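Let's take a walk through this structure together, one stop at a time. Have the sequence and the model at hand as you read.

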Amino acid sequence: MTRQEAENYINNIPKFADKTGPENTEKLMAILGNPERKAKTVHVAGTNGKGSVSRMMSLFLREAGFKTGLFISPHLVRINERISVQGQDISDEDFGRIFDTVKDASDKLIKEGGAHPAYFEFLFAMGAVYFAECECDYVVYETGLGGRLDATNCIKPCMTAITEIGMDHMQYLGDTIEKIAGEKAGIIKKGVPLVYFTGRVSANRVLEHTARVKGCPAFNACWTTIDVKEENKRKIDFSLDTRYYTYDNLVLNAAPRYQTRNAATAVYMFDRLFHEWDVSRKQEIIRKGLDQFKMDGRFQYLKENVILDGAHNEDAAQELIGSLRSRYTGFGSMKKKLLFAIASDKDYDKVINEMAFGIRPEKVYITELASGRRLDKSVAEKGFKAALGDKVKVSCYSSSREAYKEALGELSDDEILIVTGSLYLAGELLGQEI
């Protein structure tokens, strides 16, 4: 198939195939010849930060001289972003060709009594086949949802990591931090080192208990001392002390402060995975890797006074607001506008309240995601009006492009516009000529 035909088929999978369990994924991978076992793997789960940590770790491995694959979720603009080798997304030609391979295996699975692979399961299989074909030394896999039942959980990693844990996807993962942490802890494997930076003591207890039961060395990256030397719109200069080694003169380009915690997690992972290496060698690798790090849709400056961030849950909203306050002296008294859209399966009332009271915008532009998971704009409008009162103007728009064009047209030089609420919104805008 062509890349577009393959993407159309994959996007339609949720309409005819239910989510499957680990046994179905294992059968599919067996039919494919277990490509997920051809390379050493690193597995990353978490509520927030797992995409950044996965990308950082892949950069370190590349700088160390390893041919490295990266599997991420979700994509922002093009589905090809989910599968990359050495920083290059899979080509359209290879995407269509690898799709055919997995589709043939899927047809065989169904004939043998299995279920059609779910959306994420199909893409994971494509990634594993491509990474094996490319003869990668290492592959970093980011989970899609949770961990225990995630399609990626059939891999046999040499390192696992769990990032910040918060209240998200509660309909699937549970309604308490402990339950959600338990699902994330499902990626922990017997004897495999675990690095974690969850931000919550209650989550740590769950992970530490699981690690003890499975005999895993467990390293809490929150032990890391983070010393920020300089911070501005374009970069953060900082150092990390992991209690094993100190890594100085590190730079993150155009990153919010919360990325230093993600860097601490990734550095801790690399530090422990190659603990026998000379520290000066690791220092150089980490510096070069972080210097290349970039995450579109995370505190990204579209213009000097326009910030795009895919904050989509309560914790991410708080992180966004904290980053705004640390970047802008007197943020509370600044003139601010907000462009917002969110998915209907998020805890949108809490996110709306965080954005309303934390940002205190003078005007709110509300739109809907193009996705079928979109929250009706009238619901978001009601939430912002309830939080901010009648003094703040709230306007609704049919598309993100229309809302962004209107917001830019009304934005003065002494105001900032914050565009947020969903990574899908970020992807929509980045995919347009705006």
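Trp277 is in contact (heavy atoms within 4.5 Å) with Ala64, Phe66, Phe270, Lys282 and Ile285, leaving aside neighbours within four places in sequence. You will find Trp277 in the loop between helices H9 and H10; helices here are DSSP runs of H or I of at least four residues, strands are runs of E of at least two, and both are numbered from the N terminus. Trp277 counts as buried, at 13% relative accessibility; buried means under 20% relative accessible area, exposed over 50%, and partly exposed in between, with a 1.4 Å probe and protein chains only. Between the C-alpha atoms of Trp277 and Ile188, which are 89 residues apart along the chain, the separation is 25 Å.

A word on how to read all this: the model is predicted, so local features need pLDDT of at least 70 and side-chain atom pairs count only at pLDDT 80 or more, while totals for chains, interfaces and linings use all residues. Residues are numbered from 1 along each chain as its sequence is written, and side-chain values use heavy atoms, with hydrogens and water left out.

Now for the sheet. Which order do its strands take? This open sheet of 8 strands runs S4-S3-S2-S5-S1-S6-S7-S8, with mixed pairing. At the edges stand S4 (88-89) and S8 (218-220), each with a single partner strand, so one side of each has no neighbour in the sheet. Two strands pair if DSSP finds at least two bridges between them. Strands of a sheet pair through backbone hydrogen bonds, either parallel or antiparallel.

S1 (residues 40-45) runs parallel to S5 and is joined to it by 5 bridges, with Lys40 having Tyr138 as its bridge partner. S2 also runs parallel to S5, joined by 4 bridges. Here Thr68 stands opposite Tyr138, and Phe71 stands opposite Tyr141. Is S5 mostly covered or uncovered? It is mostly covered, with 5 of its 5 residues buried.

H9 (residues 258-273) has 16 residues and reaches 23 Å from its first C-alpha to its last, close to the 22 Å expected at 1.5 Å a residue; the expected span is 1.5 Å times one less than the number of residues. Because 15 of its 16 residues are buried, H9 is largely enclosed by the rest of the structure. H9 lies across S1, S5, S6 (159-162), S7 (194-196) and S8, and runs at about 160 degrees to S6. Such angles go from 0 to 180 degrees between N-to-C directions, with axes as lines fitted to C-alpha atoms, for helices over the stretch in contact.

H5 lies across S2, S3 and S5, at about 15 degrees to S3. This helix has 15 residues and spans 22 Å, close to the 21 Å expected. H5 is mostly covered, with 12 of its 15 residues buried, among them Phe120, Glu121 and Phe124. The buried residues of H5 pack against H1 (3-16), H2, S2, S3, H4 (92-111) and S5.

Thr25 is buried, with a relative accessible area of 4%. Not counting residues up to four places away in sequence, Thr25 also touches residues including Thr20, Phe124, Ala151 and Cys154.

Finally, visit the loops. Glu135 lies between H5 (119-133) and S5 (138-142) and has a positive phi near 55 degrees, although it is a residue other than glycine. Glu135 is exposed, at 65% relative accessible area. Phe299, between H10 (279-292) and S12 (300-303), also has a positive phi, about 45 degrees, without being a glycine. Is Phe299 buried or exposed? Phe299 is buried, with a relative accessible area of 0%. In the loop between S2 (68-71) and S3 (83-85) sits Pro74, joined to Ser73 by a cis peptide bond with omega about -5 degrees.
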